[in-house]
Amino acid sequence: MMDSKQSEGSERSMHEMVRSIFSVRMVVAFAMGFACGLPLLLTISLLQAWMSDAGVDLGTIGLFALVGLPYTLKFLWAPIFDRFTLKLFGRRRGWLLLAQLLLMVAIATLGMVNPVEQPWLLAFVALLVTFFSASQDIVVDAYRREDLRDEELGLGSSLYVNGYRIGMLLAGSGGLILADHVSFQTVYLIMAATMLIAVVTTLLAREPVEAEGTPKTLREAVIDPFVDYFQRPEALWILAFILFYKVGDTMASAMTMPFYLEIGFSKTEVGAVAKLFGFWATIIGGLVGGVMILRLGIFRSLWLFGFLQAISTAGFSVLALMGNSLSGLAAVIAFENFSGGMGTAAYVAFMASMTNKRFTATQYALLSSLMGIPRVIASAPTGYLAEGVGWFSFFIVCTLIAIPGLWILRRFSPERNGLMVEARAL
């Protein structure tokens with residue numbers, strides 16, 4: 001009798017997993033990820049290429065990195081999206097539709113500005129693109145947290161991340177290829193028109209159920225999310241985990257290109273292998289990771305994927321010993337991107353699970369802003385470290401730096417203090 005009940009429970013669990021994988025919610029998560037990834041490189045690599053092609057000096061091009069500040073500071077205006085509701089389409093879809101329409105206009109306008117004759121206007125319009133893009137990110141993150149069931153966050157996050165990467169690929173590589181055949185103005189108009197996919201997705205998507213106790217005043221929207229978060233017994237440990245979980249992987253990634261070139265690979269070899277193996281390994285890793293999170297849960301997946309990330313970083317040390325081996329390069333890039341895709345899916349799902357649905361936009365914007373800190377601060381001294389200890393030892397150090405993140409993860413064990421259960425109940 002017990003075996004029969006366990007079998008029924010297993011079949012039910014498998015049925016629910018299959019239903020989650022093929023649900024409309026997952027399609028929406030992917031499409032919204034694509035919409036968030038598309039604008040990013042329009043103000044970075046594609047804009048730099050346009051300005052270089054137009055003859056703008058390198059100093060001015062470098063200063064344009066500052067237009068990306070809204071992505072780092074988005075938590076400052078996130079409370080507005082928690083406090084106010086645009087009545088026509090709902091609390092999330094209303095703001096999302098407005099941000100996407102304004103983003104389309106800003107992208108199209110960016111293509112109309114002359115980089116040489118109107119650099120200040122170009123900077124202003126580029127800043128508008130990043131502001132509306134960051135605003136879209138805020139609302140999409142909140143929407144995904146509120147629309148998906150807790151057990152679906154892993155797969156939904158992996159599809160969102162994969163959609164994001166495909167959007168970046170279209171804008172970055174696709175935009176550059178198009179620019180060889182049509183003007184940059186036309187490229188930006190095409191990218192603006194592509195955002196119609198986002199608008200249609202928003203119009204067809206359902207509005208998430210609004211949680212009880214959402215902010216009624218702007219003060220509640222600004223102050224209460226932080227009070228709510230820091231009242232948790234493990235609040236500081238959560239922040240520490242977000243900072244440390246991928247820091248070793250981030251440090252290693254910051255120096256991979258100089259490493260490849262120094263040990264004898266050509267730029268063509270690196271580019272071909274990275275595109276052929278790296279991109280698709282990341283996509284597959286994200287999908288596999290999302291499905292595994294459905295089966296294992298977020299906590300166990302973070303353990304497994306974190307361990308695999310550390311092993312993949314150690315793979316660079318092996319490549320340092322092997323030297324110029326194209327098969328070794330392909331294996332290392334494929335495994336590193338595959339494990340990185342899995343780890344990112346669990347990492348993003350974890351952050352979503354730590355937010356209170358009453359303040360999803362503000363709390364997620366705060367946590368996701370922390371993701372960028374290791375990329376900037378921890379990556380800064382990596383060149384000096386690699387010079388001082390050599391490539392083999394450098395990647396071993398990056399591997400060992402994964403240990404603090406995994407050690408902190410012990411504190412979130414459901415068996416230890418019920419943190420994850422408590423967070424999901426919020």
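**Figure 1. Lining of the second largest pocket in the predicted model.** The second largest pocket of this predicted model is lined by Thr60, Leu63, Phe64, Leu66, Val67, Pro119, Trp120 and Ala123. On a 1 Å grid over the protein atoms alone, a pocket is an open set of points with protein on both sides within 12 Å along at least five of seven lines, and lining residues have an atom within 4 Å of a point. The space in this pocket is about 190 Å³, where a volume is the space filled by probe spheres set on grid points that are joined across faces, edges and corners. Helices α4 (58-63) and α8 are the elements that give two or more residues to this lining, and α8 provides the largest share, three residues. Helices (H or I, at least four residues) and strands (E, at least two) are DSSP runs, numbered from the N terminus. By class, seven of the lining residues are nonpolar, one is polar and none is charged. In this classification Ala, Val, Leu, Ile, Met, Phe, Trp, Tyr, Cys and Pro count as nonpolar, Asp, Glu, Lys and Arg as charged, and the others, Gly among them, as polar.

Residues are numbered from 1 along each chain as its sequence is written. In this predicted model, local features need pLDDT of at least 70, side-chain atom pairs count only at pLDDT 80 or more, and totals for chains, interfaces and linings use all residues, while side-chain values use heavy atoms, with hydrogens and water left out.

Figure 2. The structure holds two cavities of 30 Å³ or more; a cavity is a set of grid points where a 1.4 Å probe fits but cannot get out. The largest cavity contains about 50 Å³ of space. Its lining consists of Tyr245, Lys246, Val247, Gly248, Asp249, Gly306, Gln309, Ala310, Thr313, Cys398 and Ala402. Two or more residues of this lining come from each of the helices α14 (247-254) and α17 (298-322), and α17 gives the largest share, with four residues. The lining divides into five nonpolar, four polar and two charged residues.

**Figure 3. Lys246, a residue in the lining of the largest cavity.** Lys246 is placed in the loop between α13 (235-244) and α14. Because its relative accessibility is 12%, Lys246 counts as buried; buried means under 20% relative accessible area, exposed over 50%, and partly exposed in between (1.4 Å probe, protein chains only). Not counting residues up to four places away in sequence, Lys246 touches Gln309, Gly340, Gly343, Thr344 and Tyr347. Contact here means heavy atoms within 4.5 Å. One of these partners, Gln309, also lines the largest cavity.

Figure 4. Met251 lies in helix α14 and is buried, with a relative accessible area of 8%. Beyond residues up to four places away in sequence, Met251 touches Ala378, Thr382, Leu385, Phe394, Cys398 and Ile401. Among these contacts, Cys398 also belongs to the lining of the largest cavity. The C-alpha atoms of Met251 and Ser325 are separated by 23 Å, and the two residues are 74 residues apart along the chain.

**Figure 5. Ile311 in helix α17.** Ile311 has its place in helix α17. With a relative accessible area of 39%, Ile311 is partly exposed. From C-alpha to C-alpha, Ile311 and Arg91 are 43 Å apart in space, and they are 220 residues apart in sequence.

**Figure 6. The second largest cavity.** The volume of the second largest cavity is about 40 Å³. Arg25, Val28, Ala29, Met32, Val140, Tyr143, Arg144, Asp147 and Leu148 form its lining. Six lining residues are nonpolar, none is polar and three are charged.

**Figure 7. The nonpolar cores.** A nonpolar core is a set of buried Ala, Val, Leu, Ile, Met, Phe, Trp, Tyr and Cys residues joined through side-chain atoms within 4.5 Å. The largest nonpolar core has 94 residues, of which Ile107 and Phe350 touch the most other members. Helix α8 (residues 119-147) gives the most to this core, with twelve residues. A second, separate core of 22 residues includes Phe259, Tyr260, Val270 and Ala378. Of these four, Ala378 is also a contact of Met251.
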